[in-house]
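The sequence and structure are shown first.

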Amino acid sequence: MLIDLFQKTRRTSMQMKHQAAEERPDITCKGCGRKLNARTYGKNLYVCPYCGRYSRLLARTRIRQVADKDSFRELDAGLRTLDPIGFPGYPEKIAELAEKNGMNDAVITGECTIGGIRACLGVMDSHFMMASMGSVVGEKLTRLFEHATHKKLPVIIFTASGGARMQEGMFSLLQMAKVSGAAERHSRAGGLYVTVLTDPTMGGVTASFASLGDIILAEPRATVGFAGRRVIEGTIGETLPDDFQSAEFLLAHGFCDQIVPRNRMKQTLEKLLKLHAAPKKRRAKG
């Protein structure tokens, strides 16, 4: 029917915006100010070839970069916040962002294959309220761990967050314990958990599930921490190092295992999954 055809060709405003961006002859890097061809920039995985600045990715763009083609199957896509504390204007803001970004909240979760190996994947998106952690984010990640535990699959989460979502008050902070508990149950069942820290990963996300991975990777120059630099400096009365709260600082101090460039991320995840994949049972000789 014609109505089905129209429904299949509808696109969100964010998707149309990014398509239009690709058709422009050039864009300006926010790091060095150089002009970049939009199509070439996309092929370079949204990394500036001049200064190396990493652009913050849409969740679905990230999924396309790491998951095998057409292998991603989304889970719990319909979950929406119930505005638990009645914060003024919050439902309207959520509806606006959902229309703009084509997603109901700040994380997309699902099952996919990476290098042919099945895995559960969660990707946080800073374009949705700075990927702040609310009840939907916590519930979707908890269900992702539970699904992975039941299916005996590894979990990979790309973190990006400004912290807890103040519009949900204590319900937001509760997600720290809830997701961490699900991660612990997954670990006790023998499941692998890999976190990838992207820019920025801050606040309660850093203080909970982002720091619990069996293997913790990070993108170059990603900002990772709990409180902001100015808050810390004002509290302790000292000037912090220039590279404080960078991925490189974390690596030097033992808080992450490896910094992985974006063009090697899928290859690295594939190697880790193959390394930790359960060995195939040998056939008994008759």
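A salt bridge is taken here as a side-chain nitrogen of Lys or Arg within 4 Å of a carboxyl oxygen of Asp or Glu. The model is a predicted one, in which local features need pLDDT of at least 70 and side-chain atom pairs count only at pLDDT 80 or more, while totals for chains, interfaces and linings use all residues. Residues are numbered from 1 along each chain as its sequence is written, and side-chain values use heavy atoms, with hydrogens and water left out.

The whole structure holds 15 salt bridges. One of them joins Glu233 to Arg229, with an N to O distance of 3.4 Å. Both residues belong to helix 9 (residues 229-236), where four residues, about one turn, separate them; helices (H or I, at least four residues) and strands (E, at least two) are DSSP runs numbered from the N terminus. Arg143 and Glu139 likewise form a salt bridge, their closest N and O atoms being 2.8 Å apart, and they are four residues apart in helix 6. These two residues also take part in a network of salt bridges with Asp76 and Lys178.

The salt bridge between Lys266 and Asp68, at 3.1 Å, links distant parts of the chain: Lys266 lies in helix 11 (residues 265-276), and Asp68, 198 residues apart from it, in the loop between helix 4 (59-66) and strand 3 (73-75). Buried means under 20% relative accessible area, exposed over 50% and partly exposed in between (1.4 Å probe, protein chains only). Asp68, at 17%, is therefore buried, whereas Lys266, at 27%, is partly exposed.

A nonpolar core is a set of buried Ala, Val, Leu, Ile, Met, Phe, Trp, Tyr and Cys residues joined through side-chain atoms within 4.5 Å. The largest such core has 61 residues, of which Ile156, Phe158, Phe209, Leu217 and Leu269 touch the most other members. Strand 5 (residues 117-124) supplies its largest share, six residues. Another core, of eight residues, lies apart from it and includes Ile27, Cys29, Tyr41 and Leu57.

Aromatic rings of Phe, Tyr and Trp (its six-membered ring) pair if their centres lie within 6.5 Å; planes under 30 degrees apart count as stacked, over 60 as edge-to-face and the rest as tilted. Tyr41 and Tyr46 are edge-to-face because their planes stand at 80 degrees, with ring centres 5.5 Å apart. Both Tyr41 and Tyr46 are buried.
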